[in-house]
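Colleague: I am new to reading protein structures, and I would like to go through this one with you step by step. Could we look at it together?

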Amino acid sequence: MSDTPFGFGLPPEEPEDGDEGKKKGGQGGPNPFGFGGFGLPGGPGGPGAGDNPFAAMFGAMNPADLGAAFQQLGQMLSYEGGPVNWDMAKDVARRTVAQGTQDGVKDTSVGIAERSAVEEAVRLADHWLDDVTSLPSGATTAVAWSRAEWVEATLPVWKELVDPVAERVGAAMGGVLPEEMQAMAGPLLGMMRSMGGAMFGQQIGQAVGVLAGEVVGSTDIGLPLGPAGKAALLPLNIEGFGKDLGVPSEEVRLYLALREAAHARLFAHVPWLRSHLFGAVEGYARGIKVDTSKLEDVVGQIDPTNPEQLQEALQGGMFQPQDTPEQKAALARLETALALVEGWVDAVVHAAAKPRLSSADAMRETMRRRRASGGPAEQTFATLIGLELRPRRLRDASRLWASLTDARGVDGRDGLWEHPDMLPTATDLDDPDGFVHREHLDFSELDKMLGEAAEQRGRDGRGGHGGKGGQDGTDGREGKDGGEGEGAK
């Protein structure tokens with residue numbers, strides 16, 4: 001486990017690059033969803049912002065800035081929507097993108113030549129993938145996005161992912177107060193909900209804006225963030241990604257197009273996969289609880305006139321949700337499923353690229369190192385729901401899919417996606433070779449036997465409707481086995 005979901009810790013220290021650093025608002029901090037960053041969107045931090053959230057909100061403001069801050073505060077308090085103020089999230093994400101990344105690269109519009117290059121790369125990638133997977137193409141269109149366009153296109157999915165967690169965190173915090181106090185504090189609780197929705201919106205918007213400066217497509221975090229049927233790449237970020245690799249830009253773009261197109265095939269033709277992943281996030285949210293006894297003890301010892309003491313309590317995990325068995329089980333399901341998705345993509349992309357791209361091995365290693373060093377996927381999930389995607393899981397999953405290809409062929413490997421119960425488990429990832437050899441059966445022989453049995457029943461006039469076959473239980477077993485054999489092929 002990593003940071004708590006929408007962590008309640010203190011903000012990271014201010015950057016040491018003067019006023020310019022303060023304008024960036026701490027991009028890339030370790031906990032973008034944390035409640036530490038209380039600064040209003042666009043508001044300067046001022047001295048002591050790292051130690052005092054109120055200084056971050058109002059410190060060193062001139063009268064015009066202060067007026068704008070109070071206007072923004074009024075908008076925060078007037079919010080009456082769901083657990084996250086998504087209008088604010090969108091606004092903050094767009095402004096974060098407009099500021100540019102920490103290396104000074106600003107967002108730019110995508111030109112006609114770049115769009116054509118992306119379309120051609122995805123078209124060629126899909127053609128190559130036809131040789132290495134039985135899943136048909138899942139991309140009806142290929143698009144090239146700017147960072148701002150990535151934000152606009154992915155926000156609906158972020159809402160679906162984040163709302164359950166944010167709602168449960170808010171409900172858990174509200175439930176800490178005794179019922180009689182909740183009744184007395186009705187207006188205050190309403191104000192806190194508005195503030196909470198705005199603060200969630202601010203932090204999520206900043207996180208999505210920062211992520212927009214890093215991702216190279218719509219599936220970097222292992223989930224389908226874009227609209228169905230669209231394979232999307234970000235030319236500006238791809239250029240930055242391949243800058244120091246010593247690999248021709250055409251090969252970098254084509255390799256990343258292979259990954260995007262492979263993800264598109266999986267999510268388009270495995271209908272249960274998306275709901276399985278998102279359901280694990282919701283399962284985590286349902287398990288969020290707050291240790292009320294610890295909270296009561298801490299609150300009883302806090303001097304309300306001593307802001308530093310309150311901050312120490314926040315930093316010490318005053319509002320930290322408890323780990324519950326439900327949460328741990330949901331996170332385990334999510335981690336395993338994401339590892340299987342990424343492992344499958346890694347295996348099929350390498351199979352397609354190896355015979356055709358001289359840089360295939362280097363690009364594969366680059367992507368693996370990106371994961372190992374905490375790439376966009378790991379950072380996002382660590383801050384979103386406290387999950388660290390362990391690179392070991394991804395390597396094991398890739399090795400398992402490659403071994404399955406050798407043992408069963410492409411059709412047998414891809415057939416495991418027909419139902420979640422057929423996929424390897426977390427235990428199987430610890431022993432990929434054991435799963436391959438333990439589960440490998442000669443399904444062609446089984447199909448032949450079942451076919452002969454069906455023909456015999458037809459000649460006997462029983463037709464599978466009971467009779468002697470039903471008495472000895474043969475039909476029931478054959479039907480079950482037949483289903484398993486067909487599904488595993």
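Colleague: Does R147 count as buried or exposed, and at what relative accessibility?

Modeller: Please keep in mind throughout that we are looking at a predicted model. R147 has its place in helix α6, which covers residues 147–174. A residue is called buried when its relative accessible area is under 20%. Because the value for R147 falls under that cut-off, R147 counts as buried, at a relative accessibility of 5%.

Colleague: Which residues does R147 touch, if those up to four places away in sequence are not counted?

Modeller: Contact here means heavy atoms within 4.5 Å, and residues up to four places away in sequence are set aside for R147. What remains for R147 is a list made up of V97, T101, V105, K106, D107, A212, G213, L234, L236 and N237.

Colleague: How far apart in space are R147 and V215, C-alpha to C-alpha?

Modeller: Along the sequence, R147 and V215 are separated by 68 residues. In space, the distance between R147 and V215, taken from C-alpha to C-alpha, is 8.8 Å.

Colleague: Why is the pair of W401 and W417 described as stacked?

Modeller: The structure holds 2 aromatic pairs. For W401 and W417, the ring centres lie 5.3 Å apart, and the planes meet at an angle that makes the pair stacked, namely 15°.

Colleague: Where in the chain do W401 and W417 lie, and how many residues apart are they?

Modeller: W401 belongs to helix α17 (residues 391–414), whereas W417 sits in the loop between α17 and α18 (426–430). Both W401 and W417 are buried. The pair thus links distant parts of the chain, with W401 and W417 separated by 16 residues.

Colleague: Over the face of which residue does R274 lie?

Modeller: Helix α11 runs over residues 273–286 and has 14 residues. Among the buried residues of α11 are L277, F278 and Y284. R274 lies at 4.3 Å from a ring centre, and the ring in question is that of F278.

Colleague: Which residues is T324 in contact with, leaving aside its neighbours within four places in sequence?

Modeller: T324 lies in the loop between β4 (321–322) and α14 (325–353). With a relative accessibility of 6%, T324 counts as buried. Once its neighbours within four places in sequence are left aside, T324 is in contact with G287 and K289.

Colleague: What percentage of the residues in the protein is buried?

Modeller: The secondary structure of the protein comes to 22 helices and 4 strands. The protein has 489 residues, and the buried ones make up 49%.

Technical notes: Residues are numbered from 1 along each chain as its sequence is written. This is a predicted model: local features need pLDDT of at least 70, side-chain atom pairs count only at pLDDT 80 or more; totals for chains, interfaces and linings use all residues. Side-chain values use heavy atoms; hydrogens and water are left out. Rings of Phe, Tyr and Trp (its six-membered ring) pair if their centres lie within 6.5 Å; planes under 30 degrees apart count as stacked, over 60 as edge-to-face and the rest as tilted. Helices (H or I, at least four residues) and strands (E, at least two) are DSSP runs, numbered from the N terminus. Buried means under 20% relative accessible area, exposed over 50%, partly exposed in between (1.4 Å probe, protein chains only). A charge sits over a ring if NZ of Lys or CZ of Arg is within 6 Å of the ring centre and within 35 degrees of the ring normal. The expected span of a helix is 1.5 Å times one less than its number of residues.
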